[in-house]
Amino acid sequence: MSESEQKSFFEQIPAKFAFAFGIVSATALFSVLALVLILSKGFSLPGTAQNGNGGAVLGATDTTGDPTPSPTDTAPSGGGTAPTVPSGTIEPKTLTNVRGTGKLTVVEYSDFECPFCKQFHATLQQVLKDFDGKVRWSYKHLPLESLHSKALRESMASECAAKQDKFWEYADQIFTKTSSNDSLPDEELFTIADAVGLDRKAFDACLANEETKTKVQADAAEAQKLGGTGTPYSVIIDEKGKILNVIPGAYPYAQVSSVIQKYL
């Protein structure tokens with residue numbers, strides 16, 4: 001074998017080609033490493049966003065993940081900072097849309113098109129069953145209009161049902177029928193009204209009334225005043241309305257139950 005035949009492949013190729021080949025190889029390597037890093041950290045999609053505790057956040061984009069939040073004042077195990085318990089009280093007589101009886105009340109600020117709220121709705125239904133006679137549930141509104149354009153109107157519709165003492169029947173049906181993220185057709189609001197036995201003439205007039213919208217917006221303002229920046233956002237109060245703890249996200253049933261038991 002001649003000396004030229006013994007030369008390596010890289011020794012035989014032109015210098016310019018070798019340089020170009022090196023650039024392409026390095027670029028490909030860095031691209032692969034960047035992709036691995038992105039996949040390991042998660043990525044964002046347009047829509048709603050998790051607040052680190054399984055909740056949608058105002059003015060953000062959707063983030064994938066499976067957070068495991070802490071129900072106490074310690075930092076969530078999924079990362080982030082400990083939730084701040086707002087000071088002050090919520091006057092019990094101002095609570096609307098109350099379900100159940102008990103010394104403790106979970107005041108939830110929610111959005112009908114938030115997927116995390118749909119999940120948490122089932123959690124609080126279980127809480128009422130297991131803490132029957134000990135815990136109440138008050139539903140208030142925090143429609144994230146920048147994320148869910150249909151949420152405000154759905155909140156208004158539920159308040160119109162409340163005027164006919166059918167709030168919970170109506171709210172349960174919305175969460176049952178919607179797949180979240182603006183998936184509920186507008187006509188379903190009227191279908192549900194008929195299904196739960198509402199006076200349609202009164203319902204339709206109420207839905208067109210600006211006072212109904214004002215009620216929903218007042219709930220949202222109250223939530224933000226208490227530190228709610230996403231949904232669901234809940235506070236636990238005692239009989240006098242003193243705020244005992246906060247649940248800033250769609251916490252799992254076991255953790256919500258643990259928080260409640262601390263105050264019973």
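So, is phenylalanine 203 buried or exposed? At 0% relative accessibility, phenylalanine 203 counts as buried, where buried means under 20% relative accessible area, exposed over 50% and partly exposed in between, with a 1.4 Å probe and protein chains only.

Quick caveat: this is a predicted model, so to speak for local features we need pLDDT of at least 70, side-chain atom pairs count only at pLDDT 80 or more, and totals for chains, interfaces and linings use all residues. Residues are numbered from 1 along each chain as its sequence is written, and side-chain values use heavy atoms, with hydrogens and water left out.

Okay, rings. The whole structure has 8 aromatic pairs; Phe, Tyr and Trp rings (for Trp, the six-membered one) pair if their centres lie within 6.5 Å, with planes under 30 degrees apart stacked, over 60 edge-to-face and the rest tilted. Tyrosine 139 and tryptophan 168 sit 6.2 Å apart by ring centres with planes at 90 degrees, so that pair is edge-to-face. Tyrosine 139 is in strand β6 and tryptophan 168 in helix α5, 29 residues apart; helices (H or I, at least four residues) and strands (E, at least two) are DSSP runs, numbered from the N terminus. Both residues are buried.

Back to phenylalanine 203: its edge-to-face partner is phenylalanine 190, 6.0 Å centre to centre.

Now salt bridges, meaning a Lys or Arg side-chain nitrogen within 4 Å of an Asp or Glu carboxyl oxygen: there are 8. In one of them, arginine 99 meets aspartate 172 at 2.6 Å, N to O. Arginine 99 lies in strand β4 and aspartate 172 in helix α5, so the bridge ties together parts 73 residues apart in sequence.
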